[in-house]
Amino acid sequence: MAKEQKRTLVMAKNYYTEINFLTTPYEIYELIKSPKRITLATDGGAIPLKGSLGFVVANEDGTILLTCYGQPAGHDPLSFRSEICALLAAARLITLIKDYYDTTMSCNEPARSKTQIYTDSLSMIKKLEAYDEYPTAHLKTVLHSEWDVLSALHKALQCFRTKPKINWVKSHQDDKVYDIERMLIDAYLNSEADELATIGLKRLQEKPIVPMDPNTSIQFHIEGRTITRDFKSTVREIIQLKPLRKFYCERFKWSDNIFDLIDWDIFRPVYKKNISKKGIQWLHKFCIKKLPTGERIHKRDHFHDKRCASCLDDEDDNHMFQCTKRRSVRKKFLNQINVLRNTVDTNLCDIMQEGLMAYFKGECMSNTMFRIRGKKGMGRYKNLIDEQSVIGWDNLLRGKLSKEWRIQQKAYKTRLRLVDPIEYDKIKRKKKRKQEQQNEANNNKTTKSKNKIEEFHGFFQAIVPIILEMWTDRCIDRNTPVLGGRIVAEYDSLSKKVTHYYTLREMVLPEDELKIFNEDLKVRLDDTNQQLKKWINRWKPVIDHSMKRVKELAQENSKPIWQHFTANKPAKTKVSRKLSKQLKPKKYYNNPLTNVYTRLKKKRSSSRVLPVIKKIKHKVNHLISTLYNKLGKKRSTSREQTVLEVGTQMIDDRYGDEPK
Ligand SMILES: [Zn+2]
């Protein structure tokens, strides 16, 4: 018994930083033994890497007998762990006081008091209820977060003779009530516990190691920290983050602390979503400055031209954005900043716009930032400007934003609320209602995710496709054969086409004109071939249609010309192309003038041309042969063959190999 008591004491000791008895400890022991009610109110809180706890012990009337603050141990505890530890610490302290006086006074009387617990953590209450469902329920949660303290707490509560009653209390009720006397006991005790926890949070340092509690059976330590939750991701972070951080610092030439200035919560989701959808290749190379730009390839292969295909300057990582031939793409970035303007602090948007534009133009950053800082009311953004400058404005396009962006945005919203709380709530309610209506409308059609994306996260997500498109264009421009060859010829023809379309400017509808010809011809012609092609493909049909429409409208609006004159019906403008039926030419043979001779072959038209060569078939006339035969003579064979016998005709044999 004594051994176990000692162990509990050791285990418990690490929670208590300062215990304040407002009465004698013995009085508390008496209360525990009496059939009265003893009240515990506990609270826990956490900030990154450290947590704190506070609790008070009070009697039935709410008179506080004891206060205590301390902290939970473990790597980066969340408030859930702090809440559990707070209750665990309180329950253990009661048990310790009871056990101490029981042994010193060798008293065997059971503790008759009832215990009432107030906490503001609903999830803890639920979890404890789940543990009570069946005897081995807690074993199912061994690998769950905070299993060590939860199971310990569950055990500690079972040591009480009557099972403690746990009630949930709404936290921070003291914010609204100014008269503490009139607050309910539970709310009052909770606010006291909360205050103690806040003291703990301010005074105490991080405590990453949890002393081994034999009841826990197993603990997980890595790099001098006890991991109590989210095992998989925490372990991954601890193991992988170090080399990654080193890599980033070397790659971007950052000093050590810069890595921590970056708001990775903006970068991470976009990066993850993109590589899962479109593959890791491009985005990864872009994000760590490894795209195969002219200069980079040239380093490895001297035959590779390091110049930009569009403007013939050397092409490095910045050139993609700074290329003078790609100036028109900058508008797309501006559009995205304008989207931000709907909700984000105007000053933040201005800083972002100025910063990006200065980067695009290749201007001196420090001068630009100096100018911005000089403006009125910009003092509070000093940190943001400094941090983004060391991170790099080009890296802002790579999703590396300083944490200050979100911090300042949050502060801006708070300021809005403070200036006019009533108006602010009104606007907020209106927006909420509008969104609910929209959601309902959306739900009817498709079940879209209602998760609202945070502004800067949305900005990065929107610019990634723009940059990808830029890069794709650049590759097409570059890999179209040889510099000065086809690409120049192509540019020539494209620029001619574009110039032609610009001459049609006054022939389209005015509302279309603004959309189609939103840039001067001169600026437009600065674009790369791909951009010109895209412009033509996009607007050619629009120009055609618009011109057609102008014609149609003109027709509707104008009088036909004959109405300007006195005529009351339109002049005949159409001439029938139908030819009147011509008489057949007279047959010449009916003409008495030519009808002198009788024609032999009446059927044949005289106009028909005879084929040039025509084998004339005829019957062989044996008349002469038969005549000879009758005379008893043989007909000489030496005579010439008849001309008509074409088939057997032959040239005379001059030199004669035939006997004469
Ligand atoms: Zn260029």
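The questions and answers below concern a zinc site, a set of paired strands and a cavity in a predicted model.

In this predicted model, local features need pLDDT of at least 70 and side-chain atom pairs count only at pLDDT 80 or more, while totals for chains, interfaces and linings use all residues. Residues are numbered from 1 along each chain as its sequence is written, and side-chain values use heavy atoms, with hydrogens and water left out.

Me: Which arrangement do the four donor atoms around the zinc ion make?
Reply: The zinc ion is coordinated at 2.0 to 2.3 Å by Cys308 (SG), Cys311 (SG), His319 (NE2) and Cys323 (SG), where donors are N, O and S atoms within 2.8 Å of the metal (3.2 Å for Na, K and Ca) and a site may look incomplete since water is not among the atoms. Four donors count as tetrahedral if all angles lie between 85 and 135 degrees. Because the angles subtended here are 97 to 120°, the arrangement is tetrahedral.

Me: How are the donor residues of the zinc ion spaced in sequence?
Reply: Cys308 and His319 are both buried, a term for under 20% relative accessible area (1.4 Å probe, protein chains only). The spacing of the donor residues in sequence is C-x2-C-x7-H-x3-C.

Me: Is strand β5 (residues 114-119) largely enclosed by the rest of the structure or exposed, and why?
Reply: Strands here are DSSP runs of E with at least two residues, numbered from the N terminus, and two strands pair if DSSP finds at least two bridges between them. β5 runs parallel to strand β2 (residues 37-47), joined by five bridges, and also pairs in the parallel sense with strand β6 (residues 165-168) over four bridges. Because five of its six residues are buried, β5 is largely enclosed by the rest of the structure.

Me: About how much space lies in the second largest cavity?
Reply: A cavity is a set of points on a 1 Å grid over the protein atoms alone where a 1.4 Å probe fits but cannot get out, and lining residues have an atom within 4 Å of a point. The volume, taken as the space filled by probe spheres set on the points, is about 50 Å³.

Methods
On a 1 Å grid over the protein atoms alone, a cavity is a set of points where a 1.4 Å probe fits but cannot get out, and a pocket is an open set with protein on both sides within 12 Å along at least five of seven lines; lining residues have an atom within 4 Å of a point. Four donors count as tetrahedral if all angles lie between 85 and 135 degrees; four count as square planar and six as octahedral if opposite donors are over 155 degrees apart and all others between 65 and 115; anything else is irregular. Buried means under 20% relative accessible area, exposed over 50%, partly exposed in between (1.4 Å probe, protein chains only).
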